[in-house]
Amino acid sequence: MKRFSSSKRAVNNVVKGEIKWELRPGGMLVQKRDMGDASSGPMIKIKVSHGAFHHDITVPAQSTFGDLKKVLVQETGLEPKEQRLLFQGKEKDDEECLHMVGVKDMSKVVLLEDPASKERKLEEMKRNQSVLKACEEVAKVRAEVVQLSDKVNALEGIVHGGTKVNEKELLGLTELLMVQLLQLDTIEANGEAKVQRRAEVRRAQRLVDTLDNMKARNSNPFSSSGKSEAFECASPAFPSSTRITHDWEVFD
């Protein structure tokens with residue numbers, strides 16, 4: 001009877017929680033793994049195949065597939081949620097233990113990238129390439145606008161000095177700037193490229209406005225001194241002694 005009592009106390013201790021249990025996929029009840037015990041246990045090397053790449057990963061034998069994914073982040077750059085691990089042709093859940101499904105030293109595990117994640121990365125890559133291409137196109141226009149800006153500034157100094165310039169030069173620069181504005185309008189830009197395109201549109205438009213002001217000043221070089229070539233028609237002045245009446249004389 002004493003032996004029975006000892007067994008009963010042992011069972012009671014298990015029930016009280018000295019040994020913790022967890023339910024594995026498939027309904028298997030196993031002793032809950034302690035991460036501290038796992039890290040201090042035996043280590044195994046796993047061969048992970050990822051497309052054309054192969055990684056030798058050393059982890060505690062008591063690790064889960066979720067633990068293995070965390071280690072693979074450093075090797076592959078894939079976040080755990082982007083990884084799918086297959087062992088013996090079957091995908092494994094993060095909670096499954098390596099040793100419970102038969103993973104041993106030098107076992108092979110296949111790593112696949114989650115299709116949804118792969119598709120998102122491809123879309124992001126396309127967007128980045130599109131932005132890069134747009135930035136390059138904007139840069140070409142910027143180079144042209146900078147050259148035209150130098151010419152506009154040179155002419156502006158001449159006109160402000162009171163010297164007239166050839167009207168054709170002003171019209172020619174205006175047309176060239178309009179061509180660049182049309183070129184900017186054809187560029188499909190997003191993100192940073194859109195910001196750069198907007199800046200170049202404003203720069204080109206300011207130069208066009210400057211040329212318009214220069215045309216007006218060039219046609220009237222004295223406008224800056226406050227003098228005007230237009231004359232107003234004034235009424236004739238009468239002597240102060242002259243009296244104006246509305247009496248009319250009728251002639252037969």
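Lys-69 counts as buried in this predicted model, because its relative accessibility is 6%, below the 20% limit for that class. The side chain of Lys-69 meets that of Asp-94 in a salt bridge, with 2.8 Å from N to O. This pair links distant parts of the chain, since Lys-69 belongs to helix α3 and Asp-94 to the loop between β6 (90-91) and β7, 25 residues apart. Asp-94 itself is partly exposed, with a relative accessible area of 35%.

Helix α3 covers residues 65-76, twelve in number, and spans 15 Å from its first C-alpha to its last, close to the 16 Å expected at 1.5 Å a residue. Its buried residues are Phe-65, Gly-66, Asp-67, Leu-68, Lys-69, Leu-72 and Val-73. Asp-67 lies in this helix and is buried, with a relative accessible area of 15%. The side chain of Asp-67 reaches the backbone nitrogen of Thr-64 at 3.0 Å. After α3 comes Gly-77, which has a positive phi, near 80°.

Glu-82 counts as buried at 13% relative accessibility, whereas Lys-121 is partly exposed, with a relative accessible area of 32%. These two residues form a salt bridge whose closest N and O atoms are 3.5 Å apart.

Strand β3 (residues 43-50) pairs with β7 in the parallel sense over three bridges, and Ser-49 stands opposite Val-110 of β7. Strand β5 (residues 83-87) runs antiparallel to β7 and is joined to it by four bridges. Here the bridge partner of Arg-84 is Leu-112 of β7.

The nonpolar interior comes next. In soluble globular proteins, nonpolar side chains tend to be buried together. The largest nonpolar core in this model has 23 residues, of which Ile-187, Leu-211 and Met-214 touch the most other members. Helices α4 (115-160), α5 (167-185) and α6 (192-219) each supply at least two residues of this core. The largest share, nine residues, comes from α4. Leaving aside its neighbours within four places in sequence, Leu-211 is in contact with Val-152, Leu-170, Leu-173, Thr-174 and Leu-177. Another core, of 16 residues, lies apart from this one, and its members include Val-59, Leu-98, Val-109 and Leu-111.

Asp-212 and Lys-215 both lie in α6, three residues apart, about one turn of the helix. The closest N and O atoms of this salt bridge are 3.7 Å apart. Asp-212 counts as partly exposed at 36% relative accessibility, while Lys-215 is buried, with a relative accessible area of 18%. A search of the whole structure finds eight salt bridges, among them the one between Asp-212 and Lys-215.

Notes. Residues numbered from 1 in each chain as written. Predicted model: local features only at pLDDT ≥ 70, side-chain atom pairs only at ≥ 80, totals over all residues. Heavy atoms only, no water. Expected span 1.5 Å × (residues − 1). Buried < 20%, exposed > 50% of the residue type's maximum accessible area, 1.4 Å probe, protein only. Pairing = 2+ DSSP bridges. Core = buried A, V, L, I, M, F, W, Y, C linked by side-chain atoms within 4.5 Å. Contact = heavy atoms within 4.5 Å. Polar contact = N/O pair within 3.5 Å; in protein donor to acceptor, adjacent residues only side chain to side chain. Salt bridge = Lys/Arg side-chain N within 4 Å of Asp/Glu carboxyl O.
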